[in-house]
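User: I have a model open and a few things to ask about it. Can we go through them one at a time?
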Amino acid sequence: MNELIDNGVLIYPTDTVWGIGGCILSKENYDQINIIKKINTNKPVSILFSCIEHIREYFELPKKISDDWMESFFSLETTLGLPLEWAKKEIPSWISQDSDFVCIRCLQGGFFRDLIGRSKGKAVITTSLNISGEAPILNKNEAQVFREEHAPNSSIFHSDQLLLSGHSSTIVRFLNSQEIHVIRKGQRFADVLKKLEVLSARVL
């Protein structure tokens, strides 16, 4: 991997599609990503974590959301929306924009620990690698071409061990500790629904 320069934009594979992001504390990263993706309005982005312990540093979660549940949930190509009032650390306003919740992902393994470690151990904002309105990038060659054409100052990372599904993640949002709203159904939604049922919460 290349050394990450301060406030650098990162391009990398995830479990679903290629992503683009940068250190959670850098508004410069957020603005640059919008320019690269040709987004004219401020849109919320997700936060990427590499382990459950890191999530708990940022959020105070209900007791029923156990570490085992989260590990299983995030293995199913998922994004989880959490109320901002559950945050223990300040979430920069540009991440959630005008929303009262923030979306998180957790991709475990050495590749992602190293990726986040290069942002000085902070969490990373993340969104799909593509021009807004176009299909997301699905392979390394396309990602390299995208970087050359649209983001030449970014750092690109890759792992031959990662297999991308090519599908969008399932997105669910906790409205509160008792109600969960399904925002988007991914290809593994049936398995995700079983995990949600374990929490004895109302799924909307």
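User: What does Ile55 touch, not counting residues up to four places away in sequence?
Analyst: Ile55 is in contact (heavy atoms within 4.5 Å) with Phe49, Leu61, Met70, Phe74, Ile104 and Cys106. This is a predicted model, where local features need pLDDT of at least 70, side-chain atom pairs count only at pLDDT 80 or more, and totals for chains, interfaces and linings use all residues. Residues are numbered from 1 along each chain as its sequence is written, and side-chain values use heavy atoms, leaving out hydrogens and water.

User: Which residues touch the most other members of the largest nonpolar core?
Analyst: Ile47, Ile55, Phe59, Phe74, Ile95 and Ile104, out of 48 residues. A nonpolar core is a set of buried (under 20% relative accessible area, 1.4 Å probe, protein chains only) Ala, Val, Leu, Ile, Met, Phe, Trp, Tyr and Cys residues joined through side-chain atoms within 4.5 Å.

User: Which helix gives the largest share of this core?
Analyst: Helix α3, residues 67–74, with 4 residues. Helices here are DSSP runs (H or I, at least four residues), numbered from the N terminus, and strands are E runs of at least two.

User: Switching to α1: which of its residues are buried?
Analyst: Asn29, Tyr30, Ile33, Asn34, Ile36 and Lys37. They lie on the same side of α1, because their arc around the axis (directions from the axis to the C-beta atoms) is only 160°. On the other side, Glu28 and Ile35 are exposed, meaning over 50%.

User: What covers the buried ones?
Analyst: The cover includes β2 (18–23), α4 (93–96), β6 (124–128) and α6 (140–150).
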